[in-house]
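Welcome, and please take a moment to turn the model around before reading on. The paragraphs below will walk you through it step by step.

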Amino acid sequence: MRILVVNGPNLNLLGRREPDVYGVLTLADIETLLDARAEELGVELSLAQSNSESEIIELIHGHADWDGLIINAGGYTHTSVAIADAIAATQLLTVEVHLSNIYKREAFRHHSYIAGVAWGQITGLGYHGYLSALDSLHRRLS
């Protein structure tokens, strides 16, 4: 089983970017936790982060033959029809993840283009959301 994990813009700044909103763990910390859980489950992960919408789309296209996708598209969640279209085109089983509860934040964050093409969405659970997404995809794909 192979799962792509994509993190979008500004998530490379985790740990120092608004820790009261996003937590104190860095992206590397979260990836270490994901790697450990994937090893327990026997899942191959590909981990990526990009601040570029086009690079995120290329990552999704390049992993179209994989089994699943965990994506935190960051700000592109609320603006990118193109990323949603890439997910729809590849038909990757997708779980959308957000560290903060986007529905308790500014009104513009309440809409997700990703949600319409995702199997599920986990929001507001901090880094636990990534682990829950991995566990959920593993169960669904097993």
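**A walk through the fold**

Asn7 is part of strand S1. With a relative accessibility of 1%, Asn7 counts as buried, because the cut-off for that word is under 20%. Please keep in mind that you are looking at a predicted model.

Now step back to the whole chain. It is built from five helices and five strands. Starting at the N terminus, you can follow the elements in the order β-α-α-β-α-β-α-β-β-α. The radius of gyration is 14 Å, close to the 14 Å that the globule rule gives for 142 residues, so the chain is as compact as a globular protein of that length. Along the principal axes, the C-alpha atoms fill a box of roughly 35 × 30 × 25 Å. Of the 142 residues, 48% count as buried. Contacts also reach across the sequence: among those between residues at least 6 apart, 74% join residues at least 24 apart.

You will find Leu137 in helix H5, and its relative accessible area of 0% makes it buried. Setting aside neighbours within four places in sequence, Leu137 is in contact with Met1, Ile3, Leu69, Ile70, Leu93, Val95 and Trp119.

Next, move to helix H4 (residues 81–90), where you can find Thr90. Is Thr90 buried or exposed? Thr90 is buried, because its relative accessible area of 15% falls under the 20% cut-off. Beyond residues up to four places away in sequence, Thr90 touches Ile60, His61 and Ala64.

Go on to Gln91, in the loop between H4 and S4. Gln91 is exposed, with a relative accessible area of 68%. Its backbone is worth a look as well. Most residues other than glycine have a negative phi. Gln91 has a positive phi, near 60 degrees, although it is not a glycine. Asn10 is also a residue other than glycine with a positive phi, of about 70 degrees. Asn10 sits in the loop between S1 and helix H1 (19–22), and at 36% relative accessibility it counts as partly exposed.

A further loop, between H1 and H2, holds Val24. With 64% relative accessibility, Val24 counts as exposed, because it is over the 50% cut-off. Apart from residues up to four places away in sequence, Val24 touches Gly15 and Pro19. The C-alpha atoms of Val24 and Tyr127 are 9.9 Å apart in space, while 103 residues separate the two in sequence.

Finally, let us look for empty space. Rolling a probe the size of a water molecule over the atoms shows where such space is left. The largest pocket has a volume of about 160 Å³. It is lined by 15 residues, of which Tyr22, Gly74, Gly75, Arg105 and Arg109 are the closest to its centre. What classes of residue make up the lining of the largest pocket? There are five nonpolar, seven polar and three charged residues.

Terms used. Residues numbered from 1 in each chain as written. Predicted model: local features only at pLDDT ≥ 70, side-chain atom pairs only at ≥ 80, totals over all residues. Heavy atoms only, no water. 1 Å grid on protein atoms, 1.4 Å probe; cavity = no way out; pocket = protein on both sides within 12 Å on 5 of 7 lines; lining within 4 Å. Points joined across faces, edges and corners; volume = space filled by probe spheres on them. Nonpolar A, V, L, I, M, F, W, Y, C, P; charged D, E, K, R; others polar. Helix = DSSP H or I, 4+ residues; strand = E, 2+ residues; numbered from the N terminus. Buried < 20%, exposed > 50% of the residue type's maximum accessible area, 1.4 Å probe, protein only. Contact = heavy atoms within 4.5 Å. Rg over C-alpha atoms; globule rule 2.2 N^0.38 Å.
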